Amino acid sequence: MPEKVISSHPSYGHKRIALVLKINTPNYEMHHSTQSDTIQERPQGRSCMLKTSIKIYNTLRNVVTKVYHILGLKKYETPKGRKEIIENVDAITLALFKQSHGIATKKSLWKIIAPKCSYKTLVVSINRTLELLKKIVGFLTVSNRFNCHTIKHTDATDLPVCSTRKGKSHKTMKQFASWSKSSKGWFYGLKLHLTTDLEGKIVGLYFTSGNSNDREILKRMNKDLTGVFIADAGYVSSQLEKDFFIENKRMLLTCSRSNMKKIATFNNIELLKTRMQIEDNFGNLKQFHNLISTVCRSVRGYFTNYLSAVCAYMLA
């Protein structure tokens, strides 16, 4: 089955940006009893602004506002006609707040924040931020490349869009998802490819179909990066090592399979021991930032969930 690449290499500017838990409500009881938790009109008839007494939300909104103005995303706001009920800054903040605090669904978020708008309006407002999230994630990815560590890790993880038994009848992500097999078994969905440095900063990001060739994606995702790249045994290929190698700039170091005998220096062995750090990145994204979701009802909903999870992790 031919590979289906969803997006190109992550960069910011002239290239396209590569992409693609239920909270304990008692902790937020103070929210429902506070009169200031409302959607209030801005001065001079401007669009509405979400005001809440949740301090964590307000702190996150301040960070989003700074990035929003640095990237000049204000130009994407509706210049004429009816203003949006939830403006872009608040919509982005809501998406990041949902992912970073383990809120399983948008319905739960709507109950916690209790905005003066319908549930549908909240969903549409959050899904509207997909293009803005692409730009923010691209900006953060490129920013992390400055002064990043020489040692980098590359790996991919599965992103099932539904349970295995529902894979044959799944329709929402049929255009992008495919069957594939990982170390955990078969799944129907996408893959997230990451490149991180030794400090855990994300410097490369790629979303592909589940049956994509990891080795080809490694070359595309890291073509503008330099350093020592460490990967698992799934990337073992003498031809890949030759193609990827640039003298005094870049080299690939892979783990050996269980049936292989390969001579390695002490330094190589110590470097390979650091490979598990990228698994921590995947673990944090999946367990604490709700990267995997099977309840989205549209393609835009799925990718908004993925990007907001990655963005929330990078801003944490």
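The mean pLDDT of the protein, the predictor's confidence in each residue from 0 to 100, is 84. At least 70 is reached by 83% of the residues. Across residues 2–49 the pLDDT falls below 50. Beyond near neighbours in sequence, this stretch has 150 contacts in the model, a contact being heavy atoms within 4.5 Å. The model is predicted: local features need pLDDT of at least 70, side-chain atom pairs count only at pLDDT 80 or more, and totals for chains, interfaces and linings use all residues. Residues are numbered from 1 along each chain as its sequence is written, and side-chain values use heavy atoms, with hydrogens and water left out.

The largest nonpolar core holds 57 residues. Such a core is a set of buried Ala, Val, Leu, Ile, Met, Phe, Trp, Tyr and Cys residues joined through side-chain atoms within 4.5 Å; buried means under 20% relative accessible area with a 1.4 Å probe, protein chains only. L192 and Y306 touch the most other members. Helix α11 (residues 299–315) gives the largest share, 10 residues. Helices are DSSP runs of H or I, at least four residues, numbered from the N terminus. Apart from this core lies another, of 11 residues, including L218 and F229. Beyond four places in sequence, the contacts of L192 include D155, L205, F207 and F282.

A95, K98, Q99, K106, I126, T304, N305 and S308 form its lining. Helices α3 (88–100) and α11 each give two or more residues to that lining. Two lining residues are nonpolar, four polar and two charged.

Note on methods:
Buried < 20%, exposed > 50% of the residue type's maximum accessible area, 1.4 Å probe, protein only. 1 Å grid on protein atoms, 1.4 Å probe; cavity = no way out; pocket = protein on both sides within 12 Å on 5 of 7 lines; lining within 4 Å. Nonpolar A, V, L, I, M, F, W, Y, C, P; charged D, E, K, R; others polar.
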